[in-house]
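Please open the model in a viewer and keep the selection panel at hand.

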Amino acid sequence: MFPFGTPTVLPKENFDAHADSAALRKAMKGWGCNDEELIEILCRRSNDQRQQIQKVFKTDYGKDLIENIKSETRGNFEDLLVALLTPTLDFYCKEIYDACAGIGTDEDALVEVFCTLSNNEITMIRDRYRELYGKDLENVLIGETSGNFKRLLVSLVNANRDESGITDIEKAKADATALLRAGELRAGTDESTFNSILCQRNYQQLKLIFDEYEKMTGHSFAKAIENEFSGDIKDGFLAIFQVITNKHEFFARRLHKSMAGLGTTDKQLIRLVVTRCEIDMGEIKEAFQRLFGESLRDMIKGDTSGSYKHALYALIGEQRSS
C-alpha cells in the first residue's frame with residue numbers, strides 16, 4: 001500500500017474542509033484557545049487537506065488561518081502548527097532560508113535537505129526558492145558555506161545524480177579502488193574524487209561501491225569517511241552513506257540528535273517530524289527503538305511538554321499521555 005514506508009499521518013476519510021474550518025474557528029474564538037481541537041484537526045489531516053482547510057477558512061471567515069494560529073498560540077506549539085500549515089515545498093524553502101539567514105549557518109538543515117532528496121525534489125525546491133525569495137539557491141549556498149562542504153552542496157543542488165538504477169559491478173570495483181587511492185592509500189585526501197562519486201552515481205550503484213570498498217579494506221566506507229574528513233563535509237558524506245544504506249536509521253539518528261544532551265533543538269525536531277510523518281515515520285520509530293533502546297515517544301515525553309508534546313505524539317502516531 002505504501003511503497004516508501006509507513007506514514008503515521010494519513011488523509012482523513014470523509015474529509016470536510018468546511019466542517020474542519022468551522023471547528024478551528026470555534027476553537028480560537030473568544031477567551032483562550034482549545035489546543036486539543038487544533039491538534040485533533042491539524043495533526044490528523046494530510047498536508048493537502050490542511051491546504052484545503054486554509055483556503056476554506058479564508059473564504060468563510062475573511063481571515064488567514066496561519067495568522068489566526070499565530071495570534072492564539074505561542075512558542076514551539078505555534079511553530080509546529082505553522083509548519084504543518086505550510087505547503088511542503090514552501091516549508092523546505094523556508095528551512096533553507098532560515099539555515100542561511102543571520103550569523104552562522106545551520107548545516108544540519110542543509111544536510112537533511114540536500115543529502116536526502118531526489119533530483120526532481122531538489123529542482124522543484126530550487127525553482128520555488130527563486131519565486132519566494134528572488135535569489136538563486138546555488139549562489140546563496142556559495143555565499144553561506146565554504147571549502148569542501150560548499151562544493152558538496154553545489155554538486156547536490158544542481159540535481160544531476162544518475163537515477164537510472166542501473167548497476168555495473170566492474171565500475172563499482174573501479175570506483176571503490178579510486179576512493180581507496182584518494183583517501184586511505186595516500187597522504188592527505190583527494191576530496192574531489194569522493195565528491196564526484198558520491199554526488200553522481202545512482203543509489204543502487206553506490207551500494208555496490210560501498211560493498212566493494214568493504215571487501216577491499218575489511219571495514220565500512222563510513223569508517224573511511226570518519227578517518228579522512230572532519231566537520232561539515234564529514235557530516236555531509238556520512239549523510240549520503242547513511243541515506244543509501246538505511247534511510248530510516250539516518251532519520252532516527254537525526255531525531256535522537258535533536259533531543260540528546262542539554263536542551264532540545266526544536267527547529268530540527270519539528271522539521272524531521274513534519275517532513276517524515278506522511279512518508280515513513282513508522283519505520284523511523286522502529287529504527288529509533290532498535291538503535292537507542294528507547295521509544296521515540298518516550299524521548300519526546302522527556303524533552304517536550306504541554307500541547308507541543310501532545311501534537312508531536314499525534315504526528316508520530318502515538319496516544320497522548322495522561
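Two residues are in contact when they have heavy atoms within 4.5 Å. Helices are DSSP runs of H or I with at least four residues, strands are runs of E with at least two, and both are numbered from the N terminus. This is a predicted model, in which local features need pLDDT of at least 70 and side-chain atom pairs count only at pLDDT 80 or more, while totals for chains, interfaces and linings use all residues. Residues are numbered from 1 along each chain as its sequence is written, and side-chain values use heavy atoms, with hydrogens and water left out.

**Stop 1: helix H5**

Select residues 75-85, which form helix H5. Is this helix enclosed or open? Eight of its eleven residues are buried, so H5 is largely enclosed by the rest of the structure. Here, buried means under 20% relative accessible area, exposed means over 50%, and partly exposed lies in between, with a 1.4 Å probe and protein chains only. Colour Phe77, Glu78, Leu80, Leu81, Val82, Ala83, Leu84 and Leu85 to see the buried residues of H5. Next, display what surrounds them: the buried residues of H5 pack against H2 (35-42), H3 (47-61), H4 (65-72), H6 (88-100), H16 (266-276) and H19 (306-315).

**Stop 2: the whole chain**

Along its principal axes, the C-alpha trace spans about 70 × 45 × 40 Å. Of the 322 residues, 47% are buried. Among contacts with a separation of 6 or more, 70% join residues 24 or more positions apart.

**Stop 3: the pockets**

Both pockets and cavities are found on a 1 Å grid over the protein atoms alone: a cavity is a set of points where a 1.4 Å probe fits but cannot get out, a pocket is an open set with protein on both sides within 12 Å along at least five of seven lines, and lining residues have an atom within 4 Å of a point. Grid points are joined across faces, edges and corners, and a volume is the space filled by probe spheres set on the points.

The largest pocket has a volume of about 1100 Å³. Select Leu117, Glu121, Lys247, Arg276 and Ile279, which lie nearest its centre among 39 lining residues. H15 (231-259) is one of the elements that give two or more residues to this lining, and H15 gives the most, with five. The lining of the largest pocket divides into 16 nonpolar, twelve polar and eleven charged residues. In this scheme Ala, Val, Leu, Ile, Met, Phe, Trp, Tyr, Cys and Pro count as nonpolar, Asp, Glu, Lys and Arg as charged, and the others, Gly among them, as polar.

The second largest pocket has a volume of about 460 Å³. Of its 19 lining residues, Val82, Thr86, Phe91, Lys94 and Asp98 are the closest to its centre. H4, H5, H6, H8 and H16 each supply at least two residues of this lining.

**Stop 4: the cavities**

How many cavities of 30 Å³ or more are there? The count comes to two. The largest cavity holds about 90 Å³ of space. Select Leu117, Asn119, Ile122, Leu156 and Arg161, the closest to its centre of the 15 lining residues. H8 (119-133) and H10 (147-157) are the elements that give two or more residues to the lining of the largest cavity.

The second largest cavity holds about 70 Å³. Its lining includes Tyr92, Glu112, Phe251 and Arg271, and its largest share, four residues, comes from H16.

**Stop 5: two single residues**

Centre on aspartate 108 in helix H7 (107-114). This residue is buried, with a relative accessible area of 17%. Its side chain makes a polar contact with the side chain of lysine 257 at 3.0 Å. A polar contact is a pair of N or O atoms within 3.5 Å; within protein, one must be able to donate a hydrogen and the other to accept it, and residues adjacent in sequence count only if both atoms are side-chain atoms. Not counting residues up to four places away in sequence, aspartate 108 touches Arg254, Lys257, Gln268 and Arg271.

Finally, select glycine 147 in helix H10. Glycine 147 is partly exposed, with a relative accessible area of 32%. Its C-alpha atom is separated by 9.7 Å from that of aspartate 232, 85 residues apart along the chain.
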